[in-house]
Amino acid sequence: LYRRSLRIQPNNAAALVEYGTLVLNHGSKVDHAERMFRRSLAADPTYAPAFFNIAMLDHAHYNRPDEAEKSYQSVLDLDPTHIGAMTRYASLLYDSHGEPDRAEDMFQTALETDFWSVEALSSYA
C-alpha cells in the first residue's frame with residue numbers, strides 16, 4: 001500500500017515516514033528505514049516525525065548520540081510539545097551525555113506539557 005502511494009506521490013513526507021516505520025518494525029531493515037526518513041526530510045524539511053524517527057535510529061540503533069541530540073532538538077524546535085522527543089531526549093542526556101540536571105529539566109517539561117503521559121511518567125521513574 002505504501003509503495004503504491006509513493007509511486008503516485010514520491011515526495012509525500014508522511015507516507016515516507018510511515019513506510020520507513022513499517023519496514024523497521026516488521027522487517028528490521030534499519031538502513032532502508034533511515035533512507036525513507038531522510039527522503040521524507042528532503043521532501044519536507046519541517047516534518048517533525050521524520051526528525052523524530054531519525055533521532056530514534058541514531059540513539060537506539062546506531063549509537064550516535066550527538067546526531068540524535070541534533071534531531072531531537074529539531075523535533076522540539078518544530079513541535080515544542082512532542083512528548084516522545086522530550087522523553088527520549090531526556091534519556092539521551094542522562095544515559096549518553098551524563099547530564100542528569102538537563103535530563104531532569106527535560107522530563108519536568110514533558111510532565112508539565114502532559115502530566116498524564118504514560119511515556120513521560122514511565123521514563124522519568
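Select R64 and D58: their side chains meet in a salt bridge, 2.5 Å from N to O. A salt bridge here is a side-chain nitrogen of Lys or Arg within 4 Å of a carboxyl oxygen of Asp or Glu. Side chains of opposite charge can pair when their charged atoms come close.

The model is predicted, so local features need pLDDT of at least 70 and side-chain atom pairs count only at pLDDT 80 or more, while totals for chains, interfaces and linings use all residues. Residues are numbered from 1 along each chain as its sequence is written, and side-chain values use heavy atoms, with hydrogens and water left out.

**Stop 1: the charged network**

Keep D58 selected. D58 sits in helix α4; helices (H or I, at least four residues) and strands (E, at least two) are DSSP runs, numbered from the N terminus. Is D58 buried or exposed? D58 is buried, with a relative accessible area of 2%. Buried means under 20% relative accessible area, exposed over 50%, and partly exposed in between, with a 1.4 Å probe and protein chains only. R64, at 26% relative accessibility, counts as partly exposed.

Now show what surrounds D58. Not counting residues up to four places away in sequence, D58 touches R38, N63, R64, E67, A68 and S71, where contact means heavy atoms within 4.5 Å.

The side chains of E34 and R64 form a salt bridge of 3.2 Å, N to O. E34 lies in helix α3 and R64 in the loop between α4 (48-61) and α5 (65-78), so this pair ties together parts that are 30 residues apart in sequence. E34 counts as buried, at 14% relative accessibility.

The side chains of R38 and E34 meet in a salt bridge of 3.0 Å, N to O. Both residues belong to helix α3 (residues 30-43); being four residues apart there, they are separated by about one helical turn. R38 is partly exposed, with a relative accessible area of 41%. With all of these on screen, you see E34, R38, D58 and R64 linked in a network of salt bridges. The count of salt bridges comes to five.

**Stop 2: the nonpolar core**

Select Y72 and Y89. Which residues have the most contacts inside the largest nonpolar core? They are Y72 and Y89, in a core of 34 residues. A nonpolar core is a set of buried Ala, Val, Leu, Ile, Met, Phe, Trp, Tyr and Cys residues joined through side-chain atoms within 4.5 Å. At least two residues of this core come from each of α2 (13-27), α3, α4, α5, α6 and α7. In soluble globular proteins, nonpolar side chains tend to be buried together.

Centre the view on Y72. Leaving aside its neighbours within four places in sequence, Y72 is in contact with F52, A55, M56, H59, A85, R88, Y89 and L92.

**Stop 3: helix α6**

Select residues 83-95, helix α6. Its buried residues are I83, G84, A85, M86, T87, Y89, A90, S91, L92 and L93. That is 10 of the 13 residues of α6, so the helix is largely enclosed by the rest of the structure. At 1.5 Å a residue, α6 should span 18 Å, and its end C-alpha atoms are 18 Å apart, which agrees. The expected span is 1.5 Å times one less than the number of residues in the helix.

**Stop 4: helix α7**

Move on to residues 100-113, helix α7. Which residues of α7 are buried? They are A103, M106, F107, A110 and L111. Look down the axis of α7: these buried residues fall within an arc of 135°, so they line one face of the helix. The arc is that of the directions from the helix axis to the C-beta atoms. The face of α7 turned away from the buried side carries the exposed residues D101, D105 and E112.

**Last stop: the whole chain**

Zoom out. The protein chain has eight helices and zero strands. Along its principal axes the C-alpha trace spans about 45 × 25 × 25 Å. Buried residues make up 40% of the 125 residues in the protein chain. Of the contacts with a separation of 6 or more, 39% are between residues 24 or more positions apart.
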